[in-house]
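Hi,

Here is the structure I promised to pass along. Have a look, and my notes follow below.

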Amino acid sequence: MKEGEHRILGHEVVGEVVKKGKNISTLNLGDRVAVAPNIGCGHCYLCAAGYNNLCNDYEAFGINLDGGFAEYMKVTDKAIIGGNLMIIPENLSFLEASINEPFSCVYNAYESLKTSPIDNVLIAGAGAIGLLHLILSKIAGAKKVMVSDISDDRLKIAKKYRADITLNPSKVNLKEEVFINTGGKGADVIITACSVPSVQEEALNLAAKLGRINFFGGLPEGKDSIMFKSNIVHYRQLKITATTGSTISQFIKSMEILSNKEFDIQGLITHTFGLEEIKDAFEKVISGKGLKISIVP
Ligand SMILES: [Zn+2]
């Protein structure tokens with residue numbers, strides 16, 4: 001971007017088709033659509049394998065293309081050809097469907113972890129993303145889902161979303177509690193849904209033998225080095241993985257899950273603001289109060 005140019009942010013976008021190019025046959029005016037924000041180049045080996053989220057030459061709404069914090073958003077031909085627009089199922093509202101972008105990223109993690117009914121799961125972080133991991137782990141039938149967070153308010157919400165155990169590491173010994181609650185085994189699946197290096201380090205000490213760990217939240221630039229005993233990974237045969245963004249295929253699948261309406265999707269959106277109130281919306285996000293905050297232009 002050149003100096004002086006502005007970028008419209010917003011990469012969790014839903015909307016209605018109000019105008020279309022003459023060659024667009026797959027969409028009609030009035031269609032309600034959700035936008036998968038990452039557009040792959042379409043021809044590299046990663047795109048060819050379906051990993052548009054990992055394309056080296058990707059474009060993204062709200063990052064290097066104008067995003068959704070606006071009344072109108074232009075969708076490029078590349079995005080339409082790439083399958084980045086998806087018709088929203090009839091039983092989902094715009095607000096509910098707007099959750100699909102983060103939910104598809106959570107679904108990407110789920111595919112890497114293959115959580116099943118024999119797994120005890122630990123989710124570190126009970127913000128909106130942690131809650132989505134909790135919801136999906138419950139839908140996947142996990143044996144027991146533990147959620148940890150230093151905020152009791154957030155843990156209360158996790159309880160509402162059917163967390164089996166909530167743990168506040170500022171008040172209890174997390175390691176002891178995880179081992180007590182798993183019959184001395186440790187957690188089979190651990191998801192770090194926060195951006196705290198020490199949480200990633202600690203995750204290795206909480207994992208069961210054959211445990212799978214997903215470093216879901218990226219770490220801040222410059223604070224992205226962690227220390228751990230390599231032998232823990234070795235002798236416990238751990239799998240450490242991570243996922244970033246989501247593929248078009250995952251975006252479609254996670255929308256299917258949303259449309260099953262197995263949980264209170266709308267409840268995750270605690271505040272909505274008009275476009276003219278966008279400053280207040282950002283202040284609300286920074287305050288840490290609320291979960292998902294939506295802009296309704
Ligand atoms: Zn590509």
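This is a predicted model: local features need pLDDT of at least 70, side-chain atom pairs count only at pLDDT 80 or more; totals for chains, interfaces and linings use all residues.

Residues are numbered from 1 along each chain as its sequence is written.

I started with Val33, which stands opposite Ile87 in S5. Three bridges join S2 (residues 32–35) to S5, and the two run antiparallel. Strands here are DSSP E runs of at least two residues, numbered from the N terminus, and two of them pair if DSSP finds at least two bridges between them. S2 and S5 belong to an open, antiparallel sheet of three strands, in the order S1-S2-S5. Its edge strands are S1 (13–16) and S5 (85–87), each pairing on one side only.

Then the packing. The largest nonpolar core has 63 residues, and Leu131 is among those touching the most other members. By core I mean buried Ala, Val, Leu, Ile, Met, Phe, Trp, Tyr and Cys residues joined through C-beta atoms within 7 Å; buried means 20 or more other C-beta atoms within 10 Å of a residue's own, with C-beta atoms placed from the backbone. Domain 1 (13–102 + 248–295) and domain 2 (106–241) both contribute residues, so this core lies between them. Those bounds come from an automatic or database domain assignment. A second, separate core of six residues includes Ile39, Cys55, Val75 and Ala79.

Cheers

Methods
Helices (H or I, at least four residues) and strands (E, at least two) are DSSP runs, numbered from the N terminus. A residue is buried if 20 or more other C-beta atoms lie within 10 Å of its own, exposed if 12 or fewer, and partly exposed in between; C-beta atoms are placed from the backbone.
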